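Here are some notes for a colleague who is looking at this structure for the first time. Please read them with the model open beside the text.

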Amino acid sequence: MKRVLITGAAGFLGSHLCDRFVEEGFHVIAMDNLITGDLKNIQHLFKFKNFEFYHHDVSKFVHVPGKLEYILHFASPASPIDYLKIPIQTLKVGSLGTHNLLGLAKEKNARILIASTSEVYGDPLVHPQNEEYYGNVNTIGPRGVYDEAKRFQESITMAYHTYHGLETRIARIFNTYGPRMRLNDGRVVPAFIGQALRGEDLTIFGDGSQTRSFCYVDDQIEGIYKLLLSNYCYPVNIGNPDEITIKDFAQEIVKLTGTNQKVIYKPLPTDDPLQRQPDIKKAKEILGWEPKVKRIDGMRLTLDYFNRLSSEELNKSEHRDFLKS
Ligand SMILES: NC(=O)c1ccc[n+]([C@@H]2O[C@H](COP(=O)([O-])OP(=O)(O)OC[C@H]3O[C@@H](n4cnc5c(N)ncnc54)[C@H](O)[C@@H]3O)[C@@H](O)[C@H]2O)c1
């Protein structure tokens, strides 16, 4: 049985990856310090013999007994609310954490895939964003802690590849949504859905003309799985190119939830990217992958999940405090 270590396993993407690799018959070693994740995302897997969990901070030395064929490094705060609240941990997990996991991969002779992000492109001057674009990032702005950690993560990963001959994969992940996102983590999809379900007005930052392109989680996991098993070591964009303005997206949410909310506007946060659309030519050619789930279908599945949450969960205050600040 092949053994895979998944870091950030109790988070949104990490937990879906755990599902996929358990299903594919791998032995999954899940690791998380639960700083933004939740064990409830993986509790259904504890009954399986091919699943085990370590509560550990990967910014500290990482030890895993036995052999390892693959490592998927997904540990990192990922929403602006999180990384503004814990900037140092964000920088550490992208740098020290990645270094620790590359060292582990080298020791075990394992292949490692790191979760990079479209945020390496910053507020892009090229549209759509292809892998050859170097990005436009403010190193010292509030988002720099995340964006630069991810850029460093890519650099050190390539250095391990070229210097040590390590098998590395780099996924540049664009906005992904679906069940198990935290309703109140401030990312656009759960933020709008949460406000609609609580009967609050939907908050748009800026004038709403900024764009995003949302990928449903099942498509994302398939892309990552294919990239891991490919023989391509350079960055690959994984995302859905179906671009929409935030203003239009807010209207879609109002329609989908059958609510009658108004939209209110607040100033755009510093360095918020004005446009986001992945160029997925590489993923199509190299992985034979492209997203299949239409936004309307993915959003319905996501809404079903949020509709099942308790009212206590629905009314948690992180995002509302952020909106007030
Ligand atoms: N979801 C997206 O749209 C998206 C887009 C681009 C990149 N990514 C990347 O994918 C990865 C997962 O993102 P997500 O959306 O699932 O976020 P998430 O916050 O739901 O999950 C991250 C997980 O990492 C864990 N973690 C954080 N620091 C850790 C540490 N030092 N040691 C161990 N565990 C730690 C958290 O507790 C959490 O469970 C991140 O690296 C993120 O940068 C996600």
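1. Strand S6 (residues 168–173) and strand S11 run parallel and are joined by four bridges, where two strands count as paired if DSSP finds at least two bridges between them. Ile170 has Pro235 in S11 as its bridge partner. Within S11 (residues 235–238), Pro235 and Asn237 point one way while Val236 and Ile238 point the other way, and all are buried; buried means under 20% relative accessible area, exposed over 50%, and partly exposed in between, with a 1.4 Å probe and protein chains only. Helices (H or I, at least four residues) and strands (E, at least two) are DSSP runs numbered from the N terminus.

2. Please keep in mind that this is a predicted model, in which local features need pLDDT of at least 70 and side-chain atom pairs count only at pLDDT 80 or more, whereas totals for chains, interfaces and linings use all residues. Residues are numbered from 1 along each chain as its sequence is written, and side-chain values use heavy atoms, with hydrogens and water left out.

3. Strand S4 (residues 70–73) is covered on both faces, with Tyr70 and Leu72 on one side and Ile71 and His73 on the other, all of them buried. In a regular strand the side chains alternate between the two faces of the sheet. S4 pairs in the parallel sense with strand S1 (residues 3–7) over four bridges, and Ile6 stands opposite Leu72 in that pairing. S4 also pairs in the parallel sense with strand S5 (residues 111–117), again over four bridges, and there Arg111 in S5 is the bridge partner of Tyr70.

4. Which residues of helix H9 are buried? They are Arg295, Gly298, Met299, Thr302, Leu303, Tyr305 and Phe306, and they lie on the same side of H9 because they cover an arc of only 155° around the axis, the arc being that of the directions from the helix axis to the C-beta atoms. These buried residues pack against strand S7 (176–177), helix H5 (188–198), strand S10 (215–216), strand S12 (243–245) and helix H7 (246–257), with contact meaning heavy atoms within 4.5 Å. H9 (residues 295–307) has 13 residues and reaches 18 Å from its first C-alpha to its last, close to the 18 Å expected at 1.5 Å a residue; the expected span is 1.5 Å times one less than the number of residues.

5. The structure holds 14 aromatic pairs; rings of Phe, Tyr and Trp (its six-membered ring) pair if their centres lie within 6.5 Å, and planes under 30 degrees apart count as stacked, over 60 as edge-to-face and the rest as tilted. One of these pairs is the tilted one of Phe21 and Tyr225, with 5.2 Å centre to centre and 55° between the planes. This pair links distant parts of the chain, with Phe21 in helix H1 (residues 12–23) and Tyr225 in helix H6 (residues 217–229), 204 residues apart. Both Phe21 and Tyr225 are buried. Another pair, Tyr305 and Phe306, is edge-to-face, at 5.3 Å centre to centre and 65° between the planes.

6. Two further ring arrangements deserve a look. Arg20 lies over the face of Tyr225, at 4.2 Å from the ring centre, and a charge sits over a ring if NZ of Lys or CZ of Arg is within 6 Å of the ring centre and within 35 degrees of the ring normal. Ring pairs also link Tyr177, Phe192, Phe214, Tyr216 and Phe249 into a cluster.

7. Ala196 lies in helix H5 and is buried, with a relative accessible area of 3%. Leaving aside residues up to four places away in sequence, Ala196 touches Leu202, Ile253, Thr257, Thr259 and Gln261. Ala196 and Ala250 are 54 residues apart in sequence and 9.7 Å apart in space, C-alpha to C-alpha.

8. A cis peptide bond, with omega of about -10°, joins His127 and Pro128, and Pro128 lies in the loop between S5 and helix H4 (144–164). Arg180 has a positive phi of about 85° although it is not a glycine; Arg180 is placed in the loop between S7 and H5 and counts as buried at 17% relative accessibility. Asp271, also not a glycine, has a positive phi of about 65°; Asp271 is found in the loop between strand S13 (263–266) and helix H8 (281–287) and counts as partly exposed at 30% relative accessibility.
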